[in-house]
Structures are given as structure tokens and as C-alpha cells.
Amino acid sequence: MAAGSWRRSIAAQLSKVLDLPPENLIKSISAVPVSKKRHVADFQLSIASVVENSSSDCLAQDLHLQAQKLAERLKCDAVVSEISAGPGTVNFTINRELLAKAVLQQVFKDGSEYGVKSEIFSAVPRQKAVIEFSSPNIAKRFHIGHLRSTIVGNFIANLKLALGHEVVRINYLGDWGMQFGLLGVGFQSFGNKEKLKSSPLQHLFEVYVQINKAAEDENTKKLAKDFFRKLEEHDEQTLSLWKQFRDFSIEEYIQIYKRLGVHFDEYSGESHYREKAQEVLKMLENKGLLQKTTKGTGIVDLSKKKDLSSVCTVMRSDGTSLYITRDLAAAIDRMNKHSCDTMIYVTDKSQSHHFQQLFQILKLMGYDWAERCQHVSFGRVQGMKTRRGEVIFLEDVLNEVRSRMLQNMTSAKTTKEIQDPMETAEKVGLAALIIQDFRGLLSSDYQFSWDRALQSRGDTGVFLQYTHARLHRYDEVLYRSSQDLQPKHIVSYLLTLSHLAAVAHKTLPVRGSAPEVAQARLCLFQAARSVLANGMKLLGITPVTQM
């Protein structure tokens, strides 16, 4: 019996009393979030959603009175063991024995598909989603913002895939633009081909820092412009060097993503759209949307009254494209190629205005599917430093979290003999990073703390892993996350389950109990462990079996 079945049973009884069809009532019955601190009901009915003439100014006490009256008219049965009235709600508690038996049976029957096979998703159409995430700029610092984009995008892709949707994961690299003119000149002066092969990201960053010191020098500016112009004109030698920058960087990125347990179906980039961006400019011109300013730049008027109070620049005065023009070309190309139902962009919230403009221009161009494009934004992370100082590359973060976790595990009394301590430290450390990141709303900025992330008690990723190594309304939680693409619902559920499992582990010993009791308790812990593993994998965490 899944959550939907409990709902149907409650709706059937309500239907007789309220004289309303059960189908109308089912959506008004919601699951109550599990609490680790107090006993709560399992489901509740919102009175406001079923009472006729209930308006927003309806007095709370009236709703409470109506809830009490309705609760009195309802009777407990084989499924519902307790009915009570709350502030504007009627609360239902499911028969504990029936609930435990049904949930455990469902967990073992569905295995890794527990929750996602729930009938709560039966009305949700299966769709195709294109998700663009991570998207670092080659030769620039791989910021912590890219780590957020990477793990958030990976979570959304994992969740959609688990729910039966088709997913295309795209890494849209910042691999074109004037900075490559500067980098090219820098490499000619300070570059080393061996270093480029062995550690491209580090070396290109060092070269970029060196040449940036001379970036304001007129001669350097001219050389950089000339280099980029040659790139635009497909000069063989210049293009060959740029291609090395890109190819070696991607090779290193793939190794870093491997450590994160992340993969992409496509490595794309701005460079793919430098010519198609010119086609977009022609389309804008043909549709009468492209306007020239006195400086010669090309703009699109986005104002409602068409009074130029809100404009977007799409072309430089020399006729070359800009970042947004290449984004327009990329969106059109992806839709033509993949015919997807939704296109999701995962970047930090500073780009919100950019995506508003992008979707607006697509609509003006007559692309109705722009309505199905979505920007999932996230806040900034502050305070992430390694022992050596400011974080530069994602690899620094991963190495730091692994070494700190290894140190913690070595000094912990509960740590068992582990076959591969480095790998375990890596997985547990990554869980720490992900859980600290996903606990709140993605749009919130947060202050990073190594100590808080790596402690093995409290609401942390280490605690999740600890519970899994020692160790019902999951479908509702998955449904909420699938609706707003926020991982915090799943994180909160898993942490609560971990706390409850930890308490049960202390109070319900398996060893020394009567065989049938031991078997029932073992079933409980195996089910909890199975659900924890499913949820952790969705979040991008690989569960460990020893720590």
C-alpha cells in the first residue's frame, strides 16, 4: 500500500460524509512531513480546500471549528487508527502495524525504484529535458560557483532520469571571446607545451595571470585583438593553438568530473555558435527586431511600450556577436536537434537578468517553446578556503575535503579497518560538500564551514554516510523536489530518516533478540538503508559501506 492508497482510503470515507467525489478530495489530502522530535499525523486534509464559500478572509477560528465538526463525523477503521482536528485541518494517523508492514514490503519489492514508482507520478507525463550545467570558462579560475552548478545540475538530471524522463546533460564551455586573444598572446610569451599537456588548467591560469598584468598595455591590447581576429578568420596556426587549449582542458575536466561522479552527454561551447550567431542577427534583422544605435551597436527593444526603456545589446559595432547572441543560437540549435519539452539552465543568480532577456528575445522571435525554458539559479558560497588560502580550482576543494576527512577518520575511535581509506574519504568528503550545499534553498547565499561540513553528528553529509554504513513518505518528497527542482526536501527527509534510524539502532537491538523480532528489526534497518542509498544517489552521493 503506497501513499496514494492511504489517500484513496481516507478520501473514500470523506466522500460519504461530505458528499463529494473521492477524486476531488484526493488532491486536498497531503502528507505531513516526518518529524524527528515529535509524533505527527501521517496525512491531513485542508478544510479551506473543501468547504464551500471559504475565502481568504474566512476566520481561522471558523475553519478550526469546521475541522472539529468534520473530525467528529469521521470514524477510525482498519486503515486509519486516529483522527484529530488541527488549525484548519483534519489529521489522519495510519494504523502503525499496517503502515510498517506495507512500507517495508513496498521498499523490498521496488528496491532502487522505491518512491519513483509511486502512483503519485502516474499523472505526470514523461518528458525530454535538456540540462545545461557546470559550464566553466577555459583558462579562467574554476570557481566554487561552478561546483554548485555542477552538483545542482547533476541532482536535477539524476532526479528527472529516476522519474522516467529522458535527459540530455550539456556542458556549455566558455571557450570563445576576447579573453582567448589575450591568452593566445600570453601563451606565445609565457607558455610551455609540456606543462600545457600535463596540467592544462593550472598552466593556462598561470599564463592568464601573467599576461593580465600587461592587459592595459596598448601593444598587448593590439596583439590580443589581432590574435582573436585570426581566430575568427580561421587562421590555421592560431586555431590549432586554441584547439589544444580546449582539448587538453576538457580532458582534465573529465577527470575532475569523474571524481564528482558526474558525466555529460555533450561538451558544447560558445565556439560552436560563432557562425550561427551571425544567422541569429540576420533573423533578428529580417523580423524587424534589430535596431542600430548611433555607436553602431545592435540592440533589441524589450520594453512593453517599445520606447527603448529596456534594451538588450546583441551585436558589437564591428558586427561581431556577443555572449547572448551565441546563447540564442545555442537555444535554437538545441531545440531543433533534441525537440525537448524543457530546457533548464543552472547558473548563479547574478545571471538571472541575462536569462530573462534570452527567453524574452526568443519569444519575440516567435519561438513559443521559450515558455518551457527555465533558469534554476543559486546563491554564492562564501568562506571556502583551503589551508593554503583562497580556492582556485575545484580539484583543490576535492583534495582538501579528502585529506581533512582522512584525518578525521584516522583519529575517530569508531573507524573500522577499511580496504581503501582514500576512496572512502573522497566519497564521504563529497557527501559533506553536497549536503552542506543542498540543505537550504538554492537561491540563498551561504557561509561555508569546513568544521560544520565534516562533523559526523548533526545534519551533515558525514552523518548520512555514517548512518548508511551502520545501517515512507519518500514519494511525496520526490514529488515536491520534482516540482520545484529544490534538493532540500530530499536532504531534509534523508537526515530525519538517519536520525530516526540512529535512535532505532540504539533502542531496537538485533543481536540477542528472539529470532522473529531480530528478523523484523533487520528488515527495518535494511529498508532504511535502501531508501537512504536511493536518495543519496539522486543527490550525487555514492554510499559507502564502511567508515
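R7 has a relative accessibility of 9% and therefore counts as buried (under 20% relative accessible area, with exposed meaning over 50% and partly exposed in between; 1.4 Å probe, protein chains only). Its partner is E476, and the two side chains meet in a salt bridge with an N to O distance of 2.6 Å (a salt bridge being a side-chain nitrogen of Lys or Arg within 4 Å of a carboxyl oxygen of Asp or Glu). E476 is buried too, at 12% relative accessibility. The model is a predicted one, in which local features need pLDDT of at least 70 and side-chain atom pairs count only at pLDDT 80 or more, while totals for chains, interfaces and linings use all residues. Residues are numbered from 1 along each chain as its sequence is written, and side-chain values use heavy atoms, leaving out hydrogens and water.

Side chains of opposite charge can pair when their charged atoms come close. In total, the structure holds 25 salt bridges. Helix α10 (residues 236-260) contains both D247 and K243, four residues apart, or about one turn of the helix (helices are DSSP runs of H or I, at least four residues, and strands are runs of E, at least two, numbered from the N terminus). The side chains of D247 and K243 form a salt bridge of 2.8 Å, N to O. D247 is partly exposed at 29% relative accessibility, and K243 is partly exposed with a relative accessible area of 46%.

R259 is joined to E426 by a salt bridge, with the closest N and O atoms 2.8 Å apart. This pair links distant parts of the chain, since R259 lies in helix α10 and E426 in helix α15 (residues 421-438), 167 residues apart. E426 is buried, at 14% relative accessibility. Elsewhere, a network of salt bridges links K222, D226, R229 and E233.
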